[in-house]
Amino acid sequence: MWDRNVPALGRDLRVITWDLRGHGGTDAPDDPAAYTHDASLGDIEALLEATECDRAVVGGQSLGGFLSLAFALEHPDRVAGLVLVDTGPGFRNDDARDRWNIAARERPDGPRRELLVQHDAAVLDGLGRISAPSLIVVGSEDELFLPASEVMERRIPGARRLVIDGAGHAPNMDAPNEFNPAVNDFLEGM
């Protein structure tokens, strides 16, 4: 999903992409217990260790962005910046979280759908503690995540928000000619 972005972003930087458990080229265990937020945060940390990277700009789209936020809260010393693409920080309202979780568990994604399940409001409540420079990118047509992007912009100190016109849930793929320069500008300004 980042094929249209890595060449443009990697000219002066080392860009490392990875797949969440059960996605892309990773193993897909049948055990739902293998798909936890803690396991994913451990995977991010292991990736940084394996690539000998002490600090990184961490980012992701949708669930990857949520996990990037969680990683920044758990390991602020490892995060030099955040690029959050069409993502949200979770739910405070128990009923809204329950509706989200029911829908997540009804998805045909097999056990990996457990990664979508929200357990609490820890990430949402922690947004004010994020000190890393943060760029929030959202497609103008992604009605589900537009409000979440506004919440993150208000609560993450100094966060910048970019709405890409005409883009949906994957603006990095829908509009790479707008996405890539915006991310490069953000990285150069850090």
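The dialogue below takes up the sheet, a helix, a pocket and several single residues in turn.

Analyst: Please keep in mind that this model is predicted.

User: How many strands form the sheet, and in what order do they stand?

Analyst: In general, strands of a sheet pair through backbone hydrogen bonds, in a parallel or an antiparallel sense. Here, four strands make an open sheet with parallel pairing, in the order β1-β2-β3-β4. The edge positions belong to β1 (56–61) and β4, each of which has a single partner strand, so one side of each lacks a neighbour in the sheet. On average, neighbouring strands of this sheet are turned by 15 degrees against each other, with direction ignored.

User: Over how many bridges do β1 and β2 pair, and which residue is the bridge partner of Gly59 in β2?

Analyst: The parallel pairing of β1 and β2 extends over six bridges. The bridge partner of Gly59 is Val83 in β2.

User: Which residues of helix α6 are buried, and what do they pack against?

Analyst: An α-helix has 3.6 residues a turn, so residues three or four places apart point the same way. In α6 (residues 146–155), the buried residues are Leu146, Ala148, Ser149, Val151 and Met152. These buried residues pack against the helices α3 and α5 and against the strands β2 (79–85), β3 (134–139) and β4 (160–164).

User: Is Arg154 buried or exposed?

Analyst: Arg154, which is placed in helix α6, has a relative accessibility of 59% and therefore counts as exposed, the cut-off being over 50%. The C-alpha atom of Arg154 is separated by 22 Å from that of Ala170, 16 residues apart along the chain.

User: What is the volume of the second largest pocket, and which residues are closest to its centre?

Analyst: Rolling a probe the size of a water molecule over the atoms shows where empty space is left. The volume of the second largest pocket is about 370 Å³. This pocket is lined by 19 residues, and those closest to its centre are His37, Asp38, Phe66, His119 and Asp120. By class, the lining comprises ten nonpolar, four polar and five charged residues.

User: Which helix gives the most to that lining?

Analyst: With four residues, α3 gives the most to the lining of the second largest pocket. At least two lining residues come from each of α2 (37–50), α3 (63–74) and α5 (122–126).

User: Where is Gln118 found, and which residues does it touch?

Analyst: Gln118 is found in the loop between α4 (94–105) and α5. Because its relative accessibility is 7%, Gln118 counts as buried. Leaving aside residues up to four places away in sequence, Gln118 touches His37, Phe66, Gly90, Phe91, Arg97, Trp100 and Asn101.

User: What is phi of Glu52, and what is phi of Ser62?

Analyst: Most residues other than glycine have a negative phi. Glu52, in contrast, has a positive phi near 55 degrees. Ser62 likewise has a positive phi, near 60 degrees.

User: Where are Glu52 and Ser62 placed, and is each of them buried or exposed?

Analyst: Glu52 is in the loop between α2 and β1, and counts as exposed because its relative accessibility is 73%. Ser62 is in the loop between β1 and α3, and is buried, with a relative accessible area of 19%.

Methods
Residues numbered from 1 in each chain as written. Predicted model: local features only at pLDDT ≥ 70, side-chain atom pairs only at ≥ 80, totals over all residues. Heavy atoms only, no water. 1 Å grid on protein atoms, 1.4 Å probe; cavity = no way out; pocket = protein on both sides within 12 Å on 5 of 7 lines; lining within 4 Å. Points joined across faces, edges and corners; volume = space filled by probe spheres on them. Nonpolar A, V, L, I, M, F, W, Y, C, P; charged D, E, K, R; others polar. Buried < 20%, exposed > 50% of the residue type's maximum accessible area, 1.4 Å probe, protein only. Contact = heavy atoms within 4.5 Å. Pairing = 2+ DSSP bridges. Axes fitted to C-alpha atoms, helices over the stretch in contact; angles between N-to-C directions.
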